[in-house]
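Please read each point with the sequence and the model at hand.

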Amino acid sequence: MKPDNPAEKVFTYVVGAVGVAFLVLHFPSVELLKRFWPQALFLAGLVGIVEAFPVQASGSRLSTSVGVPLLHACVVLCGREIGMLVAALATFRKKDLSGQTPWNVVLFNRGMLVLSNYAFGLTYYGLGGTAGAFACTRDMAFFALGALADVVVNGYLVSQVIALYEGSSLMSAWRKNLRWTLPSKIAVIPLGILVVVLYQSYGLLSVAMLLLPLALARYSLDRFRLLREVYAELGATLSQAIEHRDGYTHGHSLRVSQYAVLLGKEMGLPDDEVELLHYAGLLHDIGKIGIRDSIMKKDGRYTVDEYEEMKGHAAMGAEMVRGMKFLGKAEKWIRHHHERWDGTGYPQGLKGQDIPLGARIIACADSFDAMTSDRPYKDAITWEEARRELLDKSGAQFDPEVVKAMLKVIDKLSSQKDKPVKFPGRVW
Ligand SMILES: [Fe+2]
Ligand SMILES: [Fe+2]
């Protein structure tokens with residue numbers, strides 16, 4: 001259950017109310033509306049079309065669309081007042097109107113869009129940009145700077161509400177939820193410039209031609225998202241297959257994956273490596289699929305030969321995933337997840353920094369879960385006991401830096417209450 005968070009609610013209402021106040025204060029005059037209504041309606045229609053096909057972020061309730069460059073073009077072509085009105089009204093989505101999105105979030109989104117477009121207009125016109133069309137190339141630069149101002153305002157408001165919602169810091173909310181949208185936000189800035197130039201040279205209908213490349217961009221973005229979901233499902237299915245084989249360790253792969261991801265984040269690894277840790281954690285014992293039943297299902301202690309055969313699962317697992325190109329260096333992490341810092345592990349007896357960092361992380365996550373889960377041959381120990389055990393073996397079995405990070409992860413997890421969830425909003 002999501003804990004009620006009054007601060008987040010208050011913030012959404014405040015942003016919504018400020019947005020509405022800006023709309024009222026800057027409401028377009030009848031004269032402006034009379035003069036610009038064809039352009040405004042046309043652009044609002046285009047925005048409505050692209051907003052009808054938002055792209056959902058993987059593993060998040062946030063979504064994005066490519067409508068913002070059109071809103072910026074509207075601010076240039078029809079003025080700031082009409083631009084803000086179009087931003088507030090043309091961006092309603094079906095789920096906003098059907099009640100699927102909480103209404104404070106709908107209000108927040110309106111306020112956020114009004115304010116970020118206000119920031120765009122303030123920058124563009126403040127720097128001396130021309131209304132109605134570009135008068136010189138300098139106007140294009142002003143447009144780009146205005147779009148960056150929008151990125152900053154939008155980034156702040158959305159990160160702040162997520163930070164309040166999840167109880168995290170502003171920076172970590174931004175990194176987790178918005179960083180992925182930054183390249184596309186910057187990449188679509190020229191699109192807004194193109195809209196103004198096309199309008200200026202060939203009139204309104206020429207702008208409609210942009211819908212085709214926009215649709216293609218949206219299609220590609222969505223394919224990319226789907227591909228990542230396929231990877232995630234593939235990883236989850238394979239980890240279930242491992243657990244089916246190794247019936248004693250229910251949920252082990254998933255937990256190792258979660259600990260490894262938290263460790264990677266704690267140690268400041270880049271996002272792509274953290275993502276690989278997720279997959280390597282899920283699949284680290286995949287080699288067990290190739291181990292004989294008589295060994296896998298054995299209740300008592302292994303003989304020396306049986307233990308040697310069991311040890312083969314690390315190298316065998318690495319061989320199995322070698323063909324999965326997206327796993328990249330995770331193949332090595334799987335191969336070496338039973339190496340020990342002091343060089344007494346397997347399969348190669350690598351020592352210290354020679355063991356790939358990902359493998360050192362998986363090794364720590366793996367052992368922590370093994371210690372804190374019931375196994376047929378031993379009962380689980382408490383987190384506190386496992387914490388002491390990790391400290392004991394730091395510098396022998398485990399990398400001391402990884403242990404240091406793992407202790408922080410354990411402390412954070414222990415103090416965590418019900419944490420759900422993602423803010424069900426939009427990013428542009
Ligand atoms: Fe293993
Ligand atoms: Fe394991």
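1. Arg110 lies over the face of Phe92, 4.0 Å from the ring centre. A charge is taken to sit over a ring if NZ of Lys or CZ of Arg is within 6 Å of the ring centre and within 35 degrees of the ring normal.

2. On the basis of the note: this is a predicted model, in which local features need pLDDT of at least 70 and side-chain atom pairs count only at pLDDT 80 or more, while totals for chains, interfaces and linings use all residues. Residues are numbered from 1 along each chain as its sequence is written, chains are lettered from A and ligands numbered from 1 in the order in which they are written, and side-chain values use heavy atoms, with hydrogens and water left out.

3. His337 is buried, at 1% relative accessible area, whereas His338 is partly exposed, at 22%. Here buried means under 20% relative accessible area, exposed over 50%, and partly exposed in between (1.4 Å probe, protein chains only).

4. The count of aromatic pairs is 13. Rings of Phe, Tyr and Trp (its six-membered ring) pair if their centres lie within 6.5 Å; planes under 30 degrees apart are stacked, over 60 edge-to-face, and the rest tilted. Tyr231 and Phe326 form a stacked pair, with 3.7 Å between centres and 5° between planes. This pair links distant parts of the chain, 95 residues apart: Tyr231 is in helix α12 (residues 211–245) and Phe326 in the loop between α17 (313–321) and α18 (330–335). Helices (H or I, at least four residues) and strands (E, at least two) are DSSP runs, numbered from the N terminus.

5. Phe368 and Trp383 form an edge-to-face pair, with centres 5.3 Å apart and planes at 75°. Phe368 belongs to helix α19 (residues 357–372) and Trp383 to helix α20 (residues 383–393), so the pair ties together parts 15 residues apart in sequence. Phe368 is buried, at 0%, and Trp383 partly exposed, at 31%.

6. Phe120, Tyr124, Tyr125, Phe134 and Phe143 are linked by ring pairs into a cluster.
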